[in-house]
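Here is a walk through one protein chain, written for someone seeing it for the first time. Keep the picture open while you read.

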Amino acid sequence: MTTRNIDDQLRQYYLGAALEPASLERLRGVLTKTGEGSARPAERRDTSTRAWRVVALAASITVVFLAAAVLVLREPASDAPRVATAGLSERLAQEAARRHGRCIEEIDFQAEDLERLVAQMQKIDFTAGVPTRRALDRMKVKGAHYCVLDGQIAIHAVLVDESGEIVSLFETKAGPNLASLRSASHRMGRNDIDLWQESGVLYAAVFSSPAV
C-alpha cells in the first residue's frame with residue numbers, strides 16, 4: 001500500500017469522525033430532559049441554552065480536530081523525501097569513513113596527479129572526474145584502487161593534503177538509488193565527510209582532523 005493510499009484512507013476516516021446531526025439532536029434532548037420535571041419555565045430555558053452551548057462547543061472541537069488531522073496527515077508526505085535523503089547520506093558517509101580507515105594502504109594505481117590517476121581506471125561504468133572542491137585537484141596523490149560503495153563499483157583515490165593528512169576521495173555512478181542525494185556533510189569521530197553530485201557522478205570525500 002502506498003503512502004498516498006494510506007493518507008487518503010486516514011483523511012476519509014477523520015472526515016467521517018464528525019458528530020452527525022441525529023447524534024447532536026440526541027445530545028440536545030438528553031441535556032434538555034435533565035432540566036425538565038420540577039424545574040420552572042425559566043430554569044428550563046436556562047437548561048436549553050446551556051444544552052445548545054454544549055452542542056456548539058462539541059461542533060467547534062470537531063472542526064478543530066479535523067483541521068489538525070488534515071495537517072498531520074499532509075506533513076509526513078512532504079517530509080518523506082527529505083527524511084529518506086538524510087538516511088541515505090548518513091549511510092554513505094559511514095561507509096566512506098569505514099573504507100577510509102580500512103583500505104587506505106591498498107594502492108593498485110599510481111600517477112602524478114588525480115586526472116592521470118582516474119584515467120587509468122577503465123573498469124568503471126561512469127566517467128570519473130577531477131573535483132575542485134576543497135582543493136582536491138591540487139592535493140598530492142598517493143594512488144588509488146577499486147572498491148564498492150553502496151553496493152556498486154567505485155574508485156577510492158588516496159590523497160595527501162597540505163598538512164600531511166590522508167584524504168580519501170570516492171567516486172561512483174549516481175544511479176537511480178542515489179539520484180535524490182545532491183549534497184550533504186557529516187562529522188563522524190575525527191572525520192569530516194562531504195557528499196555531492198556532479199555530472200552523474202557521486203563523490204564522497206573524507207577529511208581527517210589531526211590527532212590531538
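Arg187 sits opposite Asp192, a residue of β5. The two strands here are β4 (residues 183-188) and β5 (residues 191-198), which run antiparallel and are joined by six bridges. Strands count as paired if DSSP finds at least two bridges between them. In the β4 and β5 hairpin there are two residues between the strands, and Gly189 has a positive phi near 65 degrees.

A word on the ground rules. This is a predicted model, with local features needing pLDDT of at least 70, side-chain atom pairs counting only at pLDDT 80 or more, and totals for chains, interfaces and linings using all residues. Residues are numbered from 1 along each chain as its sequence is written, and side-chain values use heavy atoms, with hydrogens and water left out.

How confident is the predictor? pLDDT is its confidence in each residue, from 0 to 100. The chain averages a pLDDT of 77, and 58% of the residues score at least 70. Over residues 66-83 the pLDDT is below 50, and this stretch has 11 contacts in the model beyond near neighbours in sequence. Contact here means heavy atoms within 4.5 Å. Where pLDDT is low, the predicted coordinates should not be read in detail.

Now for the overall plan. The chain has four helices and six strands, in the order α-α-α-α-β-β-β-β-β-β along the sequence. These are DSSP runs numbered from the N terminus: helices are H or I with at least four residues, strands are E with at least two. Of the contacts with a separation of 6 or more, 59% are between residues 24 or more positions apart. Of the 212 residues in the chain, 38% are buried. Buried means under 20% relative accessible area, exposed means over 50%, and partly exposed lies in between (1.4 Å probe, protein chains only).

What holds the most contacts inside the largest nonpolar core? That core has 21 residues, and the ones with the most contacts inside it are Leu114, Leu117, Leu136, Leu159 and Leu169. A nonpolar core is a set of buried Ala, Val, Leu, Ile, Met, Phe, Trp, Tyr and Cys residues joined through side-chain atoms within 4.5 Å. The elements giving two or more residues to this core are α4, β1, β2 (152-160), β3 (166-173) and β6 (201-208). The largest share, four residues, comes from β6. Leaving aside neighbours within four places in sequence, Leu136 is in contact with Leu114, Pro131, Leu159, Val167, Leu169, Trp196, Ala205 and Phe207. There is also a second, separate core of 19 residues, which includes Ala96, Ala174, Leu202 and Val206.

Next, the aromatic rings. Rings of Phe, Tyr and Trp (its six-membered ring) pair if their centres lie within 6.5 Å; planes under 30 degrees apart count as stacked, over 60 as edge-to-face and the rest as tilted. By this rule there are two aromatic pairs, shown here.

| Pair | Centre distance | Plane angle | Type |
|---|---|---|---|
| Phe109 and Tyr146 | 5.5 Å | 85 degrees | edge-to-face |
| Trp196 and Tyr203 | 5.3 Å | 15 degrees | stacked |

Phe109 is buried at 18% relative accessible area, while Tyr146 is partly exposed at 21%. In the other pair, Trp196 is buried at 2% relative accessibility, and Tyr203 is buried at 3%.

One more ring has a charge over it: Arg134 lies over the face of Phe207, at 3.7 Å from the ring centre. That label requires NZ of Lys or CZ of Arg within 6 Å of the ring centre and within 35 degrees of the ring normal.

Strand β1 also holds Ala144, which is buried at 0% relative accessibility. Not counting residues up to four places away in sequence, Ala144 touches Glu106, Ile107, Asp108, Phe109, Leu117, Met121, His156 and Ala157.

Ala135 is not a glycine, yet its phi is positive, near 60 degrees; Ala135 lies in the loop between α4 and β1 and is partly exposed at 22%. Ser199, also not a glycine, has a positive phi of about 50 degrees. Ser199 belongs to the loop between β5 and β6 and is exposed, at 80% relative accessibility.

Definitions and conventions
pLDDT is the predictor's confidence in each residue, from 0 to 100.
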